Amino acid sequence: MANGREFHPKTFYRKLDSLLTLIGKGMKMGEIASLVLDELVNSFGPDLGIRFGSLYRQHVGFYALVKGPVGDGACDCPATLYLDSMALVLLKQHKSYIFSDTVVPPWGNNSVAVLVGEDDDYLMIFGLEAEWVRETLEFSLNTIRSTVNYSRSTSRFRADLEEANEIQMSLLPKEDPIFEGFDIAGKSVAADMVGGDLYDFQFHDEQVLGIAVGDASGHGLPAALLARDVITGLRMGVEREMKISGVIHKLNRVINSSRLSTKFISLVYGELERNGTFVYVNAGHPPPLLLKESRVERLDVGGSILGPIRESLFDRGFAFIDPGDLLVCFSDGIIERIGKDGEPFDVEGLERFMREHEALPAREIIEKLFAHLERFGGRAKWRDDATVVIVKRIS
């Protein structure tokens with residue numbers, strides 16, 4: 001009980017939730033600490049018996065006052081608190097400490113102090129009313145300290161993910177390529193904020209278009225970083241006019257040497273010529289479907305997934321896209337989409353869908369496919385990143 005008032009944990013947690021909603025994305029620790037100081041004094045003060053509060057920031061060997069005192073209570077708060085003082089030694093050891101006995105801190109007894117930040121960057125001190133309950137203070141301040149530190153870590157991680165997402169999206173094509181005689185479109189949907197799928201279009205010249213679709217193992221930030229490295233490597237290979245098998249071999253060695261936690265990626269990369277010739281390497285990726293008038297070809301020539309074996313060999317495959325043919329490159333997320341009956345969409349489902357819609361423009365086919373898969377999966381969250389590239393030869 002503080003100030004004659006009974007402590008109610010539910011009320012405390014409601015106020016804590018309100019505090020967390022005020023902590024914005026990407027806020028710096030100093031901004032968070034200042035906000036928390038105000039809220040602890042103004043909102044939590046009556047429950048915890050807090051009269052005033054002050055905020056300090058850590059420097060080499062000391063803490064310097066940056067805010068306060070906040071509240072109604074008077075405080076002769078020193079401008080500087082040195083780390084070798086007994087009060088700071090106790091505080092560094094325990095992270096939060098109630099001063100009410102023989103150790104009198106520079107800001108006065110009958111007070112509590114708490115460190116926040118990953119490296120105890122900030123120190124908050126609070127003067128207490130005459131009546132306070134030790135168990136309530138210890139419980140409340142330790143909970144707030146843990147929550148604030150976690151919130152800061154989560155906020156920073158979320159900001160990092162958003163930045164990674166922006167990097168990834170900047171690498172994906174901003175528009176469908178214009179390649180005479182063909183109708184080409186692509187789309188990728190990430191299962192998490194940041195995905196590990198990739199697709200890319202890169203012109204060698206007016207006669208040759210490079211097309212890539214890949215899927216890094218897992219998803220999230222490590223997969224996105226690997227996808228970024230693969231797209232960059234492919235573009236560099238194209239700029240240097242390397243042969244297709246040489247580009248893939250070089251990529252494999254780079255990925256094998258990577259220190260990323262995710263270092264395996266499947267990839268199909270092909271070079272499309274204006275006459276319909278498609279030279280490709282399939283490195284462990286679901287074989288693209290080439291839908292012809294009376295049959296379907298699966299483009300599976302190549303080698304193993306990139307990354308595990310440093311000196312893997314990769315063969316080139318050849319296909320020819322005739323007028324009216326439809327080439328579909330896709331990732332696992334498409335065919336492994338689970339329906340409401342528990343069964344996957346699978347390759348046969350994709351082939352049937354393409355046959356039913358092959359007369360439509362490539363972009364429209366893709367949009368209808370993703371809409372169909374949303375309904376097929378009962379609008380459940382995607383389990384894996386999903387990517388499709390469609391190439392239609394129209395003349």
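R298 counts as partly exposed because its relative accessibility is 41%; buried means under 20% relative accessible area, exposed over 50%, and partly exposed in between, with a 1.4 Å probe and protein chains only. This is a predicted model, in which local features need pLDDT of at least 70 and side-chain atom pairs count only at pLDDT 80 or more, while totals for chains, interfaces and linings use all residues. Residues are numbered from 1 along each chain as its sequence is written, and side-chain values use heavy atoms, with hydrogens and water left out.

R298 lies in strand 14. Helices (H or I, at least four residues) and strands (E, at least two) are DSSP runs, numbered from the N terminus. Leaving out residues up to four places away in sequence, R298 touches P287, P288, L289, V347, E348 and E351; contact means heavy atoms within 4.5 Å. From R298 to V328 the separation is 30 residues in sequence and 9.8 Å in space, C-alpha to C-alpha.

Six strands form an open sheet in the order 7-8-18-17-13-14, with antiparallel pairing. Two strands pair if DSSP finds at least two bridges between them. Strand 7 (178-179) and strand 14 (296-298) are the edges, each with a single partner strand, so one side of each has no neighbour in the sheet. Strand 13 (residues 289-291) and strand 14 run antiparallel and are joined by three bridges. In this pairing, L291 stands opposite V296 of strand 14.

Two helices pack on this sheet. Helix 9 (residues 346-357) touches strand 13, strand 14, strand 17 (326-330) and strand 18 (386-393), and its direction makes about 30 degrees with that of strand 13. Helix 10 (residues 362-376) touches strand 8 (182-189), strand 17 and strand 18, and its direction makes about 25 degrees with that of strand 8. Axes are lines fitted to C-alpha atoms, for helices over the stretch in contact, and angles run from 0 to 180 degrees between N-to-C directions.

**Nonpolar cores**

In soluble globular proteins, nonpolar side chains tend to be buried together. A nonpolar core is a set of buried Ala, Val, Leu, Ile, Met, Phe, Trp, Tyr and Cys residues joined through side-chain atoms within 4.5 Å. The largest one here has 45 residues, of which V230, L234, L267, L272, F278 and V391 touch the most other members. Helix 6 (residues 221-239) supplies the largest share of this core, seven residues. Apart from neighbours within four places in sequence, L272 is in contact with residues including F179, F182, I184, F278, I321 and V391. A second, separate core has 27 residues, among them L37, V70, F126 and W132.

**Helix 7**

Helix 7 (residues 244-256) has 13 residues and reaches 19 Å from its first C-alpha to its last, close to the 18 Å expected at 1.5 Å a residue. That expected span is 1.5 Å times one less than the number of residues. The buried residues of helix 7 are I244, V247, I248, L251, N252, I255 and N256. Seen down the axis, these buried residues fall within an arc of 160 degrees, so they line one face of helix 7. The arc is that of the directions from the helix axis to the C-beta atoms.

Strand 5 (residues 111-116) is largely enclosed by the rest of the structure, because six of its six residues are buried. S111, A113 and L115 cover one side, and V112, V114 and V116 the other. The pairings of strand 5 are listed below.

| Strand pair | Bridges | Direction | 
|---|---|---|
| Strand 4 (residues 96-99) and strand 5 | four bridges | antiparallel |
| Strand 5 and strand 6 (residues 122-128) | six bridges | antiparallel |

S96 has V114 in strand 5 as its bridge partner, and S111 stands opposite G127 in strand 6. Strand 5 and strand 6 form a hairpin with five residues between them, and G117 in the turn has a positive phi of about 105 degrees.

**Backbone exceptions**

Most residues other than glycine have a negative phi, and most peptide bonds are trans. N110, in the loop between strand 4 and strand 5, is not a glycine but has a positive phi of about 55 degrees. At 27% relative accessibility, N110 counts as partly exposed. D120, in the loop between strand 5 and strand 6, is also not a glycine and has a positive phi of about 55 degrees. At 7% relative accessibility, D120 counts as buried. A cis peptide bond, with omega of about 5 degrees, joins G68 and P69. P69 lies in strand 2 (residues 62-71).
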